[in-house]
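Work through the exercises below with the sequence and the structure side by side. Try each task before reading its solution.

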Amino acid sequence: MEAPSTLGVRIGMLRQRQQLTQAGLARRAGVDRSTLSKVESGAYRSTPVWYVRKLARALDTTTDFLLGMDLEEEQISDRRHHDRGARL
């Protein structure tokens, strides 16, 4: 399966997968809903790193995945579990 192509599409995909509305994700991340809507729709040419970090935490994913740098979707909780196992 091909990874979603833009930051907004990846955010929307993860948000919907977690059955969150834009308002729900905005509350969870501590960001403005209207800004989130613009980011998801691609209305902004660039999004500040601090903003992407907040969304990544709220969606339990990595900034690398949201930014398209790591196209393999992996939840943070999965990565922490994997890292702990590697140290044993």
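**Exercise 1.** Find where Gln19 lies, and decide whether Gln19 is buried or exposed.

Solution.
Step 1. Gln19 sits in the loop that joins helix 1 (7-17) to helix 2 (22-29). Helices here are DSSP runs of H or I with at least four residues, strands are runs of E with at least two, and both are numbered from the N terminus.
Step 2. The relative accessible area of Gln19 is 74%, so Gln19 is exposed. The cut-offs are under 20% for buried, over 50% for exposed and in between for partly exposed, with a 1.4 Å probe and protein chains only.
Step 3. The phi of Gln19 is near 55°, a positive value in a residue other than glycine. Most residues other than glycine have a negative phi.

The model is predicted: local features need pLDDT of at least 70, side-chain atom pairs count only at pLDDT 80 or more, and totals for chains, interfaces and linings use all residues. Residues are numbered from 1 along each chain as its sequence is written, and side-chain values use heavy atoms, with hydrogens and water left out.

**Exercise 2.** Find the loop that holds Asp60, and state how exposed Asp60 is.

Solution.
Step 1. Asp60 belongs to the loop between helix 4 (49-59) and helix 5 (63-66), and comes just after helix 4.
Step 2. With a relative accessible area of 23%, Asp60 is partly exposed.
Step 3. Asp60 also has a positive phi, near 55°, and is a residue other than glycine.

**Exercise 3.** How many salt bridges does the structure hold? Name the residues involved and say which parts they tie together.

Solution.
Step 1. Side chains of opposite charge can pair when their charged atoms come close. The criterion is a side-chain nitrogen of Lys or Arg within 4 Å of a carboxyl oxygen of Asp or Glu.
Step 2. The structure holds 1 salt bridge. Glu40 pairs with Arg15, and their closest N and O atoms are 2.7 Å apart.
Step 3. Glu40 is in helix 3 (residues 33-41) and Arg15 is in helix 1, so the pair ties together parts that are 25 residues apart in sequence.
Step 4. Both Glu40 and Arg15 are buried.

**Exercise 4.** Which residues of helix 4 are buried, and why do they line one face of the helix?

Solution.
Step 1. The buried residues in helix 4 are Tyr51, Val52, Leu55, Ala56, Ala58 and Leu59.
Step 2. Viewed down the axis of helix 4, its buried residues fall within an arc of 165°, so they line one face of the helix. The arc is that of the directions from the helix axis to the C-beta atoms.
Step 3. An α-helix has 3.6 residues a turn, so residues three or four places apart point the same way.
Step 4. On the face of helix 4 turned away from the buried side are the exposed residues Val49, Trp50 and Arg57.
Step 5. The buried residues of helix 4 pack against helix 1, helix 2, helix 3 and helix 5. Contact means heavy atoms within 4.5 Å.

**Exercise 5.** Describe how helix 2 and helix 3 pack, and name the residues that make the contact.

Solution.
Step 1. Two packed helices are described by the angle between their axes and the distance between the axes.
Step 2. Helix 2 and helix 3 pack at an angle of about 115°, and their axes are 9 Å apart. Axes are lines fitted to C-alpha atoms, for helices over the stretch in contact, and angles run from 0 to 180 degrees between N-to-C directions.
Step 3. Helix 2 and helix 3 are therefore roughly perpendicular to each other. Angles under 35 degrees count as roughly parallel, over 145 as roughly antiparallel, 65 to 115 as roughly perpendicular and the rest as oblique.
Step 4. Helix 2 contributes Gln22, Ala23, Leu25 and Ala26 to the contact, and helix 3 contributes Arg33, Leu36, Ser37 and Glu40.
Step 5. Gln22 counts as buried at 19% relative accessibility. Leaving aside residues up to four places away in sequence, Gln22 touches Arg15, Arg33, Leu36, Ser37 and Glu40.
Step 6. Buried residues of helix 2 are Gln22, Gly24, Leu25, Ala26 and Ala29, and they pack against helix 1, helix 3 and helix 4.
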